[in-house]
Amino acid sequence: MKPPAIKGYNTSMFKRLLRLATSNRLALALTIFFGWLGGLAAILQAWILSRSIDGVFLAGQGLADVAGLLKFMLGIICLRALATWASERLASSLALRIKSDLRNRLVHHLAELNPAFTQNQKTGELTATALEGVEALEAYFSQYLPQLALATFIPLSILLLVFPLDPLTGLVFLFTAPLIPVFMWLIGKTAESVTQRQWHTLSQLSAYLLDVIQGLTTLKLLGQSLHQAGRIQKASDRYRDVTLSVLRITFLSALTLELLSTLSTAIVAVEIGLRLLYARMSFQQALFILVLAPDFYLPLRLLGLRFHAGMSGTSAARRIFEILDTPLPNSLCHCEEHLPSNDIVPVGQAIPLPGGDCHEPRKTSGSRTSSLPQIPLGQGNDKTGIRFEHVWHTYASRSLPAISDVSLDIPNGQVTALVGFSGAGKSTLAAMLLRFVEPDQGEIRVDGQLLGSICPDEWRQHLSWVPQMPSLFNGSLAENLRLAKPHASDAEIEDACQRADLLDFIRTLPLGLATPIGERGTRLSGGQAQRLALARAYLRDAPLLILDEPTSSLDPLQERRLLHSLHDLMNGRTTLLIAHRLNTVRQASGIIVLDSGRVAETGTHASLLKSGGIYASLVQAGALT
Amino acid sequence: MKTMSRLLHFILPVWRWLLLAVGLGALTIASSIALLATSAYLISAAALHPSIAELQVAIVGVRFFGLSRGVFRYLERLTSHETTFRLLGRLRVWFYGVLEPLAPARLGGERSGDLLSRFLADIETLENFYVRVLAPPLVALVILAGTGLFMAGFDVRLSALLLATLLLVGVGLTWLSLVLGRKPGQVLVEAKASLQADLVDGLQGLPDLLVYDGLPAYFGRLDASQTGLLQAQHRMAAISALQSALNQLLTGLGTWLVLVLGILLVSTGQLPGIYLAVIVLAAMASFEAVQGLPLAAQYLESNLQAARRLFAMADTPPAVLDIAGSQVKIGSADLTVEDLGFTYPGTSSDPPTLSDIHFELPVGKHIAILGVSGSGKSTLFQVLLRFWEMDAGEITLAGLDVHQFTQESVRQCFSVLPQNIYLFNTSLRENLLVADPAANPGQIGQALSTACLDEFVASLPQGLETLVGERGLQLSGGERQRLGLARLLLKHSPIYLLDEPTAQMDTLLEARIIRNLQTALQGHSLLWITQRLVGLEWMDEILVMQAGRISQRGTHAELIGVDGLYKQMWLAHNDLFALQDS
């Protein structure tokens, strides 16, 4: 189920958030209803209170006379507590639901945005958005939004009751109440910029502190560590002074708000007291109104308290929607929807349908067995291999093309090496074969068939990839290896490890293949991680291999072993090798030299050396080690 | 309890501020109680239709309390923030003082970044300690005492009844929500951590997941950890709803009980009826003082946890201690190492990380240390720099045991290039000046050109004022390494320790830098760690390390003449190059 593309850019943040909440209308309505019920109970309680005090104080009644009223009041107190409970439970379950749905959408959208987007962002920031950013919406939906409704309903209910009873007090209420939202809006306007500035100063201070502490060893090495304490004190003092001078003004507006409600209560008290004195109203009426006065302002003051939750929720939502609004890359076809079908999606944020030259229409229901043509790669009649024809690509964030007018051949079953300085476009070409990036112009054909017509997921099943820095996931070594082949037997895994020269290392581990690795387990060295990626490639045993040759510093003995491993792996497979070292380049049957996104030379080691171009000068300068 | 008293110890110097803030906080709540009480008195008195003069005091009172609450609240917020900031400033300086002697040995190596930011978060958590933890119960105590006395003025039984219900909320409910919330609270923290780990996994590993079609399985895992978080949050929400409802119920019940007792007292003539509304409304308002306590207790919990972590760090003994009366002056930079042995505490000592290391480094000698990764080369530097205490053997400087000098003065002898260069988030220039705040442009230029960084800096529009970004990440690995090298050259300490200074550079640059260093370090002592067999010909001595021991030593010419690791590596090295001619 794909939501229709709705133009979400000009609708305000509030409306978008509200739409999320109305996906569960009933829960929201009930939350507000129970909150309002609590407010009505408070009014009733005030009435009983005034009625019984009046009876005892002026009519000389005893406990027995008001016992019925008091019992009724006890019931009301319990009802009020129950209403509070129900309203809070409903509000939090509504908020939890919205949060998890939103987080799901966010993560699925990030996954669909593909690595070209995520690799450009700070992982820490994206994680924080998906975790804390989404959490910040909890208070928005469970507190701020219901309170927004209650701050209208409860005072309005009280007003409707008080007006017929005592128009004068009604007028005091009526004129002071709107001042509160006005002041709040004023405070909010200044507070937003002030809080942001203050938060900025604080985060600067924290960043400075973290920088100093992380660099502590360096400072010690440079003999400067002891001078830092004084600097930290100074920075803290400066932060205090700046913040306090700001707060002196911010708090002033909060003072106004506070004053408005207490002063109004005082005005009401004096005003009814005086009329009572001249017998223009009854004591019970007066007491009832006096008890109601704080209750009248309470929802408005609570809204003020929760205003902050509303603001931080809005700013968190801004970033979340920004990610959700990032259009999916051009011409990425999908054979399966990763998006779960949930109630929220139809509310629809702008997730534009991929346009452009998508040859395979999107399917509406996810099914892995697609009726796509067989993946060629030497299986069909046409065995021309992979062919790039006048391919261009420019990254969204750059002005110059990363790849311009590239035409090249990667013959089946052979090793084709890409050579060039960093930034020459080698990784972009690999990313195109991995289908992380699609050509802006030009075509890539696989044995004559357009690569763009093959669904990326299908295509990727026929390739292995050995990146420079493979990702290690939280889990055991075996689980990390099985990523490449979920149902691989232990024997298969051991065999792959043997071939990748990883087995000796695994045997030194007490837990062997069950050793937990990743962020929360044993750390692998750069060389070990690379060999793990090789083992993954062996396990997958795919006809196409894309290999980014390891560059991390290895001693010559390790390096030689790794080369043997690589050599075996490439044997007989269609290989695109991003080469950094001469000895692997030598083994390639074809070499393509890239320079500033263009193909500068093609040939073999011998022919390129002879022609005396870029390749020959690279070799002579020793830039290929 | 111990953590609490240590934490309170930090408060001592700001106790005046604290007292002032608590006093103002109590006055704020007292104002709203008084506002309702005087208002109730006003209308009760007015109901008896006295002359207006008799009501004047009450009217003035109502007006005063109507104003005072806002003013007191304003002053209270200012003072409490002042207190907080003073407290926080002290905590920061104190914690830096704690960390300084612990770096780097006790700071957990590679993952220190995460660890340290957690500590900073802990310090910021303690920001709440005064406002949200310490102040509410103190304010509540003052209000409880005040209300108790006020009520006792009418009848002791009224006072006892109200105090009992106030305590039921303030102590009973607080305790209940603490007990109920403890376990789910821990589950919640763990569920969050596991979801975070899964999110980082997925975002960083997206390319691998896509290529190996691991997304469906990954989403399954993510769903599971999200469900875990949801369940924990549901449980916490249930507890918090229960707490709110009980809070509401007890407040209503307290008011109701005071009302019933008040009616009883009035009808039996023990309390003038005019005060009935006064006591009920005062009671109602007094609950504000205790309503925030369950929340304060939750903050207390997280504050104590944060403080416990910080204090645990503060209690960690440093890896190396200076002996009292250590000398500061070191005569010459002649270094000798004899039979040095070392094993990281807590790891297996078989084989030791370092054993039987001995060499002499008189001023001007150049030594290379060659070995495969994990052979103990970098550890040797750590021990030489007195970051770790040696287990056996002796290190001498100017003929004297290094234990006779302070660590600080020993480190003054060394110019060190560590493997991981840390750059501060400021300009290139500031990063260089850390080594020598008084360096002149000539010296800086010289250092840059030796480190082959002059062309790079010249190519930058902002030159040396260019910002390097967080941890220097705006620069490439090779640029960071060269900046580290330039910085080190400004330190001018006599013994140079370089840990794979060219690891992240291409061969061209490597050759240039080695040539430059050869010239620049003429006449200085040098210990150079490497695992690449480049530039070793000009070393006075090469030490080959294997499993923490020196397995071979000699010059390049000597070592390639005998069988051993050096020759093997040399052959492999040539092999790799020979491939091109086959």
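This is a predicted model: local features need pLDDT of at least 70, side-chain atom pairs count only at pLDDT 80 or more; totals for chains, interfaces and linings use all residues.
The contact between the two chains takes 117 residues from chain B and 116 residues from chain A. On the side of chain B that touches chain A, the largest share comes from helix α8 (residues 215–267) of chain B, with 25 residues. By class, this side of chain B comprises 66 nonpolar, 34 polar and 17 charged residues.

Chain B itself is assigned three parts: domain 1 (2–314), domain 2 (331–413 + 495–582) and domain 3 (421–492). Between domain 2 of chain B and domain 3 of chain B, the centres, taken over C-alpha atoms, are separated by 25 Å. The contact between these domains involves 8 residues of domain 2 of chain B and 7 residues of domain 3 of chain B. The side of domain 2 of chain B that touches domain 3 of chain B has 5 nonpolar residues, 2 polar residues and 1 charged residue.

Attention now turns to the sheets of chain A. Strands of a sheet pair through backbone hydrogen bonds, in either a parallel or an antiparallel manner. Strand β4 (residues 441–446) of chain A pairs with β5(A) in the antiparallel sense over 2 bridges. Here A:Val446 stands opposite A:Gln449 in β5(A).

Another open sheet of chain A consists of 6 strands in the order β6-β9-β10-β3-β11-β12, with mixed pairing. The edge strands, β6 (463–466) and β12 (598–603) of chain A, each pair on one side only. On average, neighbouring strands of this sheet are turned by 15° against each other, direction ignored. Within the sheet, strand β9 (residues 544–548) and strand β10 (residues 574–578) of chain A run parallel and are joined by 5 bridges. A:Leu545 has A:Thr575 in β10(A) as its bridge partner.

Helix α11 (residues 426–433) of chain A packs on this sheet, where it touches β3 (415–419), β9, β10 and β11 (590–595) of chain A. The direction of helix α11 of chain A makes about 150° with that of β10(A). Helix α16 (residues 526–540) of chain A lies across β6 and β9 of chain A and runs at about 170° to β6(A).

Technical notes:
Residues are numbered from 1 along each chain as its sequence is written. Chains are lettered from A and ligands numbered from 1 in the order in which they are written. Two strands pair if DSSP finds at least two bridges between them. Helices (H or I, at least four residues) and strands (E, at least two) are DSSP runs, numbered from the N terminus. Domain bounds come from an automatic or database domain assignment. Ala, Val, Leu, Ile, Met, Phe, Trp, Tyr, Cys and Pro count as nonpolar, Asp, Glu, Lys and Arg as charged, and the others, Gly among them, as polar. Axes are lines fitted to C-alpha atoms, for helices over the stretch in contact, and angles run from 0 to 180 degrees between N-to-C directions.
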